[in-house]
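Hi everyone, thanks for making time. Please have a look at the structure on the screen, and I'll walk you through a few parts of it.

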Amino acid sequence: TMVTQPVPQPKIHSPEEYLAIEREAEFKSEYLNGEIYALAGGSPKHSIITVNVTAIVALQLRGKPCMAFSNDMKVRTRGDALYAYPDLTVVYEEPVFHDRHQDVLLNPAVIIEVLSPSTEADDRGKKFAQYQRIESLTDYLLVAQEEPRIDHFVRQPGNRWLLTAVSGMEARLAIASIGCTLLLAEVYDKAFPTA
């Protein structure tokens with residue numbers, strides 16, 4: 001008879017355990033349905049694109065009742081299923097926090113993720129499915145790293161999401177809900193070596 005080894009089961013943590021661990025940790029981890037996932041460091045290209053997008057959005061939010069948060073701020077979905085660090089989060093009016101630590105946002109309006117090969121499937125799949133449960137969220141943007149391309153999902157009535165994809169350095173993308181426009185030439189400035 002063949003002896004099969006039991007498959008090790010992942011340790012399931014409560015959201016409280018995750019937050020206690022995360023607040024002491026040296027490296028960032030995200031939380032999904034009880035499991036904790038270490039975040040890998042970003043590539044130089046990921047970093048350049050994230051800084052570009054942050055600068056563009058932050059500048060256009062001046063004088064508006066919106067606030068932008070960097071990827072040091074966690075976002076929580078309804079039911080505590082996901083705690084994640086989006087690359088950029090925008091909140092309307094006042095931010096609402098999970099607790100007195102003020103390190104977990106509950107009311108993001110816009111979430112922008114710069115894709116990495118290792119995270120793209122989750123950003124499009126499991127994570128997006130969770131983000132859709134956040135009632136305040138109106139826009140979800142996935143910014144490609146390998147080519148100038150942005151996928152922009154906008155919430156429609158009946159909790160449907162409309163996808164607009166733009167690509168090419170001449171393209172532009174309007175985020176109507178916060179009155180921002182992304183020019184892909186600016187988003188990808190210095191991201192691709194010039195021939």
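Let's start with helix H1, residues 15–24, where Pro15, Tyr18, Leu19 and Glu22 are buried. Buried means under 20% relative accessible area, exposed means over 50%, and partly exposed is in between, with a 1.4 Å probe and protein chains only. These four cover an arc of only 95 degrees around the axis, so they sit on the same side of H1; the arc is that of the directions from the helix axis to the C-beta atoms. On the other side of H1, Glu16 and Glu24 are exposed.

What covers the buried residues of H1? The cover includes strands E1 (29–32), E2 (35–38), E4 (74–76), E5 (82–84) and E7 (104–105). Helices (H or I, at least four residues) and strands (E, at least two) are DSSP runs, numbered from the N terminus.

A word on where this comes from: it is a predicted model, in which local features need pLDDT of at least 70 and side-chain atom pairs count only at pLDDT 80 or more, while totals for chains, interfaces and linings use all residues. Residues are numbered from 1 along each chain as its sequence is written, and side-chain values use heavy atoms, with hydrogens and water left out.

Now the sheet. It is open, with six strands in the order E3-E6-E8-E9-E10-E11 and mixed pairing; two strands pair if DSSP finds at least two bridges between them. At the edges are E3 (66–69) and E11 (160–167), each pairing on one side only. From one strand to the next, the twist averages 15 degrees. E3 and E6 (residues 88–92) run antiparallel and are joined by four bridges, and Cys66 stands opposite Tyr92 in E6.

Helix H2 (residues 44–60) packs on this sheet, touching E6, E8 (110–114) and E9 (139–143). Contact here means heavy atoms within 4.5 Å. The direction of H2 makes about 155 degrees with that of E8; axes are lines fitted to C-alpha atoms, for helices over the stretch in contact, and angles run from 0 to 180 degrees between N-to-C directions.

Finally, the whole chain. Its secondary structure comes to five helices and 13 strands. The radius of gyration, taken over C-alpha atoms, is 18 Å, close to the 16 Å that the globule rule gives for 195 residues, so the chain is as compact as a globular protein of that length. That rule is 2.2 Å times the number of residues to the power 0.38. Of the 195 residues, 42% count as buried.
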